Amino acid sequence: MIRGHVILSHGFESGPEATKVTALADVAEAAGWTHERPDFTDLDAMTEAGQLGDVGARLVRLRTLASAAAKKGPLVLVGSSLGAYTSAQVSLLVPVHGLFLMAPPTVLGPLPVLDAAQVPVSIIHGWDDELIPAKNVVDWAQARRARLLLVDDDHRLSNHVDAAAQAFAQLLASL
C-alpha cells in the first residue's frame with residue numbers, strides 16, 4: 001500500500017544522486033512512500049540570476065511538482081540546504097503532511113526569511129555548520145516546536161547520513 005509521495009530536493013551544487021537524498025529515498029521506499037528527486041543543477045548553474053543560481057525558478061519547479069503530487073495524496077517535502085529552503089517555502093503554498101530539512105538556511109540573502117507551513121517538521125543540522133549557524137536553526141526550530149537533531153558535523157552532514165535516514169524514518173512513521 002502506498003502511503004503517499006516524497007519529493008527530495010538536493011542542495012546547491014549537488015544533484016539528485018547525492019548521498020543524503022539517495023539514502024532518504026531508500027527510507028521512503030522502505031516505508032511505503034513513492035518518491036522523486038528533481039534535478040535542479042541546470043538552475044543552480046544560472047549564476048547570472050544570482051549567487052545561488054535561479055532560486056525563483058527552483059521554487060516554481062518544486063511548486064509545480066508538489067502541486068501535482070498533492071492532488072494524488074499525502075505529500076512530504078525533503079530538502080538539503082537550498083533544497084531545505086525551497087521545500088519549506090513551497091510548503092506554504094501547497095498542502096503537505098510533513099517536512100524534513102537538512103541544514104536549512106534561515107536567512108538567504110535578499111530572499112524572504114525561512115518560513116514553513118504548520119505541519120510536523122524534523123530537522124538535522126551540524127553544530128559546526130560553516131554556512132548556517134546552529135543557533136539560528138535552534139531558534140527557528142524552537143519557534144515551531146520542530147523536532148531537531150544537532151550533530152557533530154559541518155554543513156554537508158556527510159558523517160551523519162545514517163542519522164538523517166533514521167530521523168527521516170521516524171518522521172514518516174509519525175505521519
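What share of the contacts between residues at least 6 apart in sequence join residues at least 24 apart? Here are my notes, starting with that one.

1. Keep in mind that we're looking at a predicted model. As for the question, the figure is 63%: that share of contacts between residues at least 6 apart in the protein chain joins residues at least 24 apart.

2. Now for the parts list. The protein chain has six helices and six strands. Walk along from the N terminus and you'll read them as β-α-β-α-α-β-α-β-β-α-β-α.

3. How is the chain packed overall? Its radius of gyration is 15 Å, close to the 16 Å that the globule rule gives for 175 residues, so the chain is as compact as a globular protein of that length. Along the principal axes, the C-alpha atoms fill a box of roughly 45 × 35 × 30 Å. Buried residues account for 50% of the 175 in the chain.

4. Next, have a look at a pair of helices. Helix α3 (residues 55-70) packs against helix α4 (residues 82-91) at an angle of about 55°, and their axes are 10 Å apart. The two helices are therefore oblique to each other, and their crossing is right-handed. On the α3 side the contact is made by Val 55, Arg 58, Leu 59, Leu 62, Arg 63 and Ala 66. On the α4 side you'll find Leu 82, Gly 83, Thr 86, Ser 87, Gln 89 and Val 90. Sorted by class, that contact has six nonpolar, four polar and two charged residues.

5. Is Ser 122 buried or exposed? With a relative accessibility of 2%, Ser 122 counts as buried. Setting aside neighbours within four places in sequence, Ser 122 is in contact with Leu 99, Phe 100, Leu 101, Arg 147, Ala 167 and Leu 171.

6. Ser 81, in the loop between β3 (75-80) and α4, has a phi near 55°, which is a positive value in a residue other than glycine. Ser 81 is also buried, with a relative accessible area of 14%.

7. The other one is Leu 157, which you'll find in the loop between β6 (147-151) and α6 (161-174). Leu 157 isn't a glycine either, yet its phi is positive, near 55°. At 1% relative accessibility, Leu 157 counts as buried.

Methods
Residues numbered from 1 in each chain as written. Predicted model: local features only at pLDDT ≥ 70, side-chain atom pairs only at ≥ 80, totals over all residues. Heavy atoms only, no water. Axes fitted to C-alpha atoms, helices over the stretch in contact; angles between N-to-C directions. Helix = DSSP H or I, 4+ residues; strand = E, 2+ residues; numbered from the N terminus. Parallel < 35°, antiparallel > 145°, perpendicular 65-115°, else oblique. Left-handed = near helix turned anticlockwise from the far one by under 90°. Contact = heavy atoms within 4.5 Å. Nonpolar A, V, L, I, M, F, W, Y, C, P; charged D, E, K, R; others polar. Rg over C-alpha atoms; globule rule 2.2 N^0.38 Å. Buried < 20%, exposed > 50% of the residue type's maximum accessible area, 1.4 Å probe, protein only.
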